[in-house]
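Trainee: I would like to go through this structure with you. Could we begin with the charged pairs and then turn to the helices?

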Amino acid sequence: MADFTTKSVTKSAERKLSLPIDTVANFLALVQDVIENNPWGCTSYTSNNQTVAGVVRGSEHYSGKIVYENAEAKTVGQISVRAPTSAAFSTNVSTIVATSAINTAMGGTPSHDSSEDSFSCALKCHNSNGEIFTVTFRRDSVVVSGYEADSIVAGIETWADTVALLA
C-alpha cells in the first residue's frame, strides 16, 4: 500500500494579549490599518485571472449578549447576538435593546454587556515568497496560521511588538 508523502509543513503560532482589545472600534481600526498599510510587505498575486491584493479581509464575526435585569438588579434573562460584520452586530444590539415586546417578555431592562463581546477577523495574506497564510485577529489573541517560512511569523511578531493593543 502506498504511503502519504509530506508536501509541505504548515505552521500555526498564537500571541495571547495581556489585555483584551477594549472596543470594537479599536479592533476595526487595527484591522483596517493592516489592510491599508500592509506592514508585513505582502504582495499582490493573480488567481483565476484576477489580481488579488497582498492582504484581504476574510471571514469575520462579532458576538455579545444583551442582559435583562429586574428592578432589584437581578439578571432575569439574556440574549446572545452573533453577526457577520460589526455593522450588523451594532444594528442587532440596538434593535434588540429597543424592542419593547422582548423587554416585556423578559421582564427586565436590557443592556448590552460589552465585556462579553467577542470579535474576530481573518486576513488572507500573500508573502513575497509565494506563501499564502492567514492572520486572525481576535479580541484576546492574534493567530498566524498556514505558513511555512519562520520569517513570516518573525516579521509579524516584530510588527506586533510595536502595536500597543497587541501587548
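Trainee: Is aspartate 150 buried or exposed, or does it count as partly exposed?

Mentor: Aspartate 150 counts as partly exposed, because its relative accessibility is 46%. Buried means under 20% relative accessible area, exposed over 50%, and partly exposed in between, with a 1.4 Å probe and protein chains only. Please note that this is a predicted model, in which local features need pLDDT of at least 70 and side-chain atom pairs count only at pLDDT 80 or more, while totals for chains, interfaces and linings use all residues. Residues are numbered from 1 along each chain as its sequence is written, and side-chain values use heavy atoms, with hydrogens and water left out.

Trainee: Which side chain does aspartate 150 meet in a salt bridge?

Mentor: Aspartate 150 pairs with lysine 11, at 2.5 Å from N to O. The two are 139 residues apart, with aspartate 150 in helix α4 and lysine 11 in strand β1 (residues 11–16). A salt bridge here is a side-chain nitrogen of Lys or Arg within 4 Å of a carboxyl oxygen of Asp or Glu. Helices (H or I, at least four residues) and strands (E, at least two) are DSSP runs, numbered from the N terminus.

Trainee: How many salt bridges does the structure hold?

Mentor: It holds four. One of them joins arginine 15 and aspartate 161, at 2.3 Å from N to O. Arginine 15 lies in strand β1 and aspartate 161 in the segment after α4, so this pair ties together parts 146 residues apart in sequence.

Trainee: Changing topic, which residues of α1 are buried?

Mentor: Phe27, Leu30, Val31 and Val34 are buried in α1. They cover an arc of only 90° around the axis, which puts them on the same side of α1; the arc is that of the directions from the helix axis to the C-beta atoms. The face turned away from that buried side carries the exposed residues Glu36 and Asn37.

Trainee: And what covers the buried residues of α1?

Mentor: The cover includes β4 (55–69), β7 (118–126), β8 (132–138) and α4 (150–160).

Trainee: What is tryptophan 159 in contact with, beyond its neighbours within four places in sequence?

Mentor: Tryptophan 159 is in contact (heavy atoms within 4.5 Å) with Leu30, Val34, Pro39, Trp40, Phe137 and Leu166.

Trainee: Which element gives the most to the largest nonpolar core?

Mentor: The largest nonpolar core has 35 residues, and Trp159 is among those with the most contacts inside it. Helix α4 gives the most to this core, with five residues. Such a core is a set of buried Ala, Val, Leu, Ile, Met, Phe, Trp, Tyr and Cys residues joined through side-chain atoms within 4.5 Å.
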